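Hi everyone, thanks for coming.

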Amino acid sequence: MMQPIILLILKALEGRGAERMVTTLARAYADLNYDVHVLCLEYTRDMPLDSCVHVHVVPYDQVFAEQVFAPDSEQANAYRAVAQRIDEYVLGNIGVPDLILANIYKINCIMAYSQLTNIINVLHTAVSRQFQEKLVSDLQTTITHLKMVYGAHSCSCVSDGARQDLLALIGNVNKTTTIYNPCAIDDIKKAAKQPLALSQFGITYKKYMIHVASFDSMKGHHELLHAYAKTARR
């Protein structure tokens with residue numbers, strides 16, 4: 001019996017939340033004796049992967065200064081071209097995947113043009129927050145574009161809030177569900193038992209509030225600080 005082929009696609013293995021989810025999930029699938037592949041658009045690799053997981057790169061180096069949503073734009077044509085390269089690479093070097101998990105908007109957008117089957121878009125954030133400026137400046141074009149991207153394949157959201165946000169924004173254009181991020185519980189418990197050594201980070205021990213997230217507006221850093229300021233803790 002052939003092993004099921006699982007393909008996870010993302011921009012790069014950078015040290016961020018979605019990338020952590022991909023590496024955790026890839027290891028879990030490998031533990032189930034699946035044939036697991038991770039495909040990236042860049043060679044950046046900060047996150048370690050299980051030795052059983054195969055890593056591929058289909059390079060895409062073109063950078064657009066601003067997102068352009070018109071279906072006949074240079075950007076849309078570039079995304080179509082890279083989707084075709086991904087399709088050809090996957091069929092020629094991996095096979096026909098039983099499941100493809102496309103992570104993060106850029107990959108979701110590219111894979112909207114793919115001819116591969118069994119694709120699931122994985123949404124890691126609230127789309128309305130991610131595109132809030134575009135929704136203000138050009139509502140209809142943005143909505144049409146997002147319907148194209150997230151209507152192409154079924155969607156899995158990492159929280160029910162993100163799922164409800166997607167449905168409220170573009171409607172029920174495709175099947176959606178909520179699957180929370182996987183966690184390596186044993187690794188977390190093991191790390192929690194390690195002695196606290198703040199000095200290795202150049203920090204003198206005090207009472208700290210630590211918020212781990214990228215410096216994107218959608219992460220709501222200012223909202224966290226405002227909420228903390230209203231508490232009795234100082």
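Y29 is buried, at 17% relative accessible area; buried means under 20%, exposed over 50%, and partly exposed in between, using a 1.4 Å probe and protein chains only. Y34, at 28%, counts as partly exposed. A quick note: this is a predicted model, where local features need pLDDT of at least 70 and side-chain atom pairs count only at 80 or more, while totals for chains, interfaces and linings use all residues. Residues are numbered from 1 along each chain as its sequence is written, and side-chain values use heavy atoms, leaving out hydrogens and water.

Now the rings. Rings of Phe, Tyr and Trp (its six-membered ring) pair if their centres lie within 6.5 Å; planes under 30 degrees apart are stacked, over 60 edge-to-face, and the rest tilted. That rule gives four aromatic pairs. Y29 and Y34 have ring centres 5.7 Å apart and planes at 25°, so they are stacked. Y60 and Y79 pair edge-to-face, with 6.1 Å between centres and 65° between planes, and both are buried. Ring pairs also link F69, Y105 and F131 into a cluster.

What sits over the ring of F69? The charged end of K134 does, 5.2 Å from the ring centre; the rule asks for NZ of Lys or CZ of Arg within 6 Å of the centre and within 35 degrees of the ring normal.

Finally, helix α6, residues 139-151; helices here are DSSP runs (H or I, at least four residues), strands are E runs of at least two, and both are numbered from the N terminus. T142, I143, H145, L146, V149 and Y150 of α6 are buried. They cover an arc of only 165° around the axis, so they share the same side of α6; the arc is taken from the directions from the helix axis to the C-beta atoms.

Methods:
The expected span of a helix is 1.5 Å times one less than its number of residues.
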